[in-house]
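Let's take a friendly tour of a protein chain. Have a look at the structure below, and then we will walk through its parts together.

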Amino acid sequence: AAEPPTPQQATPPQASPQQTTLRAVVALNLVTILWGSQHAVIKGLVELTDSPALVNAVRFDLAALLALPWLPRPRLALPNTSPDTSPDTAPGDGAEAAAAVRATWAGGAELGLWTFAGFSLQAIGLQLTSASRSAFLLYLNVKLVPVLAFLLYGRSVPARTWASAAIAVLGTGLLTYDGNPPNAGDAWSLAAALSSAFFILRL
């Protein structure tokens, strides 16, 4: 007997190109608002608690809890002596997996230290300077990356990169100038930018 015809599965409606573009633009603007407002938010929290250490402790503890599901699990490097071992499973696979996990932890620890240093220095600087000056100074981090790559690793940096970095630094100086002289908070913010640049470079 012939099998009864199966009903066609309903396919979800596809978004139009206009809808896709609109969603992308909305998402990009929301991320920009969140990213740009963090300096004012952190400054408000630092002033409210009068403790950059407390603000950073809560911030990083919350981030650690949210990242727990993706925590690299250590594996024991045991020799593979099972008689029914698959021929394409090498005895050293366990050791290689354990080494990969250790390398992941080491890399994560280093990047975490650079990130923690950057955010901590930013929070300290926000006690002594405005949120807008801190933000513009912190985003010098991208301009510092080619400089550090050249100084530390001897990487070749094209002339146009040096030129664009110089123009960006000049523009940052114009944006941060508000009639007040430089202060200690600006120096802390520059140190935060340097730490962030090290994070980008090491990543």
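## A tour of the helices

Residues 24 or more positions apart account for 82% of the contacts in the chain with a separation of 6 or more, where contact means heavy atoms within 4.5 Å. This is a predicted model, in which local features need pLDDT of at least 70 and side-chain atom pairs count only at pLDDT 80 or more, while totals for chains, interfaces and linings use all residues. Residues are numbered from 1 along each chain as its sequence is written, and side-chain values use heavy atoms, with hydrogens and water left out.

The chain has seven helices and zero strands. Here helices (H or I, at least four residues) and strands (E, at least two) are DSSP runs, numbered from the N terminus. Of the 203 residues of the chain, 23% count as buried.

Let's begin with helix 7, residues 184-202, where Ser 189 is found. Is Ser 189 buried or exposed? Ser 189 is buried, because its relative accessible area is 0%. Beyond its neighbours within four places in sequence, Ser 189 touches Gly 125, Thr 129, Ser 134, Leu 137 and Leu 138. Ala 187 also has its place in helix 7. Ala 187 and Ser 134 are 53 residues apart in sequence, yet 9.4 Å apart in space, C-alpha to C-alpha.

| Residue | Relative accessible area | Class |
|---|---|---|
| Ser 189 | 0% | buried |
| Ala 187 | 45% | partly exposed |
| Trp 162 | 35% | partly exposed |

Trp 162 lies in helix 6, residues 159-176. Together with Phe 150, Leu 151, Leu 152 and Tyr 153, Trp 162 forms a nonpolar surface patch with about 520 Å² of accessible area (Shrake-Rupley method, 1.4 Å probe).

Conventions:
Buried means under 20% relative accessible area, exposed over 50%, partly exposed in between (1.4 Å probe, protein chains only). Patches are made of residues with over 30% relative accessible area and no salt bridge: like charges are joined within 9 Å, nonpolar side chains (Val, Leu, Ile, Met, Phe, Trp, Tyr) within 5 Å. A salt bridge is a side-chain nitrogen of Lys or Arg within 4 Å of a carboxyl oxygen of Asp or Glu.
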